[in-house]
Every structure is written in structure tokens, then in C-alpha cells.
Amino acid sequence: MELITCHIQGVYFATSDLGVAPVVLLETPDHLYLPIFIGLYEAISISNALNGPRSARPMTHDLFADTLNQLETTIREITIDTLEDGVYYATISLESASAVLSIDCRPSDGIALAVRLQSPVRVDALLLQDAAVPSDQLPELHDISAGTG
């Protein structure tokens, strides 16, 4: 499997004829975009991690990132490798002094942690061929941070 490192472009509200939904947007090195529709809590968590400042008390993703740091465990990468029935699947690869683990995770949770710990987000090249689109094919997007700050 060939993996492509993608940049987390941002978190948005996507507007369509069906309504409004949160989306995290990944950008490929070829300037194509992979929109992944996510839950509102995860959208706010990713947006807060991208735009700061950190909340006074740790939120769930902050807690998990802090726990990994305390356990001297790093995130090697988040891998998004499958799309089935409109649902993306991902794996978080963890590394400590004693083990390397791969754990199933939702892409939104993996991305929320990757932002906090400066870990790469990689997407299967074949998945990108099927699902990534040029910017003119994206739905109407509104930056979520405009409503969370």
C-alpha cells in the first residue's frame, strides 16, 4: 500500500442541499482535497487544536495526547486506508520503547491527536484516486473556527 502524507487544511461547515455538516479537509501534495465528514465534537476539537488556545481543562483528545506523552509513547502516523459505504476507516500507529501497536480508530479522532502531537496523517494512494477532488468540486465551506472562538 502506497501512503501519501496529507496536510490538514482545516475544519469547516459544509453546506449543501441536504443541510450543514462538519468536515475536516485534507490536502494532498497535488492540491486535491479529501473531505471527511465528522461529528461536531470532533470538529471543534480539531479546530481548537489547529487554532488554539488550549482550554483551561483538558478535553478528551488533550487527555489522550497528554497520557501518550506521560507514557513516552509517540504516534508514528495516522493512516486512512479504507472507505466503505461512505465511512472512512483509519489506524493509529503508536510506538513506545517496548512496543509498536496499530489500533483501529475513527479518522476524526486520529486527526485530532495528530494535530496535537505533530504526527503525520497519511492516506492510501488508491483511496485518494477514488475520493480526492479538486477545490472546485468541494461543497460550499465555512471555517468552523469563526463560530468556536
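Let's start with a pair of helices: the axes of helix 2 (residues 60-70) and helix 3 come within 10 Å and cross at roughly 55°. That angle makes helix 2 oblique to helix 3. Angles under 35 degrees count as roughly parallel, over 145 as roughly antiparallel, 65 to 115 as roughly perpendicular, and the rest as oblique. The axes are lines fitted to C-alpha atoms, for helices over the stretch in contact, and the angles run from 0 to 180 degrees between N-to-C directions. Helices (H or I, at least four residues) and strands (E, at least two) are DSSP runs, numbered from the N terminus.

The crossing of helix 2 and helix 3 is right-handed. A crossing is called right-handed if the near helix is turned clockwise from the far one by less than a right angle, and left-handed if anticlockwise. On the helix 2 side, the contact (heavy atoms within 4.5 Å) is made by His61, Asp62, Phe64, Ala65, Leu68 and Asn69. Helix 3 contributes Asp109, Ala112, Leu113, Arg116 and Leu117. By class, these residues divide into 6 nonpolar, 2 polar and 3 charged. Here Ala, Val, Leu, Ile, Met, Phe, Trp, Tyr, Cys and Pro count as nonpolar, Asp, Glu, Lys and Arg as charged, and the others, Gly among them, as polar.

## About the model

This is a predicted model, in which local features need pLDDT of at least 70 and side-chain atom pairs count only at pLDDT 80 or more, while totals for chains, interfaces and linings use all residues. Residues are numbered from 1 along each chain as its sequence is written, and side-chain values use heavy atoms, with hydrogens and water left out.

Helix 1 passes helix 3 in a left-handed crossing.

Which residues of helix 1 make the contact? They are Glu42, Ser45, Ile46, Ala49 and Leu50, and they meet Ser108, Asp109, Ile111, Ala112, Val115 and Arg116 of helix 3. This contact has 6 nonpolar, 2 polar and 3 charged residues.

## Helix 3 and the cores

Is helix 3 mostly covered or uncovered? It is mostly covered, with 11 of its 11 residues buried. Buried means under 20% relative accessible area, exposed over 50%, and partly exposed in between (1.4 Å probe, protein chains only). Among the buried residues of helix 3 are Pro107, Gly110, Ala114 and Leu117.

The largest nonpolar core has 33 residues, and Leu26, Ile80 and Ile111 touch the most other members. Helix 3 (residues 107-117) supplies the largest share of this core, 6 residues. A nonpolar core is a set of buried Ala, Val, Leu, Ile, Met, Phe, Trp, Tyr and Cys residues joined through side-chain atoms within 4.5 Å. A second, separate core of 7 residues includes Ala14, Val23, Val133 and Leu138.

## Two residues with positive phi

Most residues other than glycine have a negative phi. Gln118, which follows helix 3, has a positive phi near 50°. Gln118 is found in the loop between helix 3 and strand 7 (121-124), and at 67% relative accessibility it counts as exposed.

His31 is not a glycine either, yet its phi is positive, about 65°. His31 sits in the loop between strand 2 and strand 3 and is exposed, with a relative accessible area of 53%.

Where does Thr28 lie? Thr28 is in the loop between strand 2 (19-27) and strand 3 (33-37). Thr28 is buried, with a relative accessible area of 7%. Leaving aside neighbours within four places in sequence, Thr28 is in contact with Cys6, Leu128 and Ala132.

Thr15 has its place in strand 1 (residues 3-16) and is partly exposed, at 26% relative accessible area. Beyond four places in sequence, Thr15 is in contact with Val20, Pro139, Glu140 and His142. Thr15 and His31 are 16 residues apart in sequence and 21 Å apart in space, C-alpha to C-alpha. Thr60, in helix 2, is exposed, with a relative accessible area of 52%. The C-alpha atoms of Thr60 and Ile44, also 16 residues apart along the chain, are separated by 12 Å.
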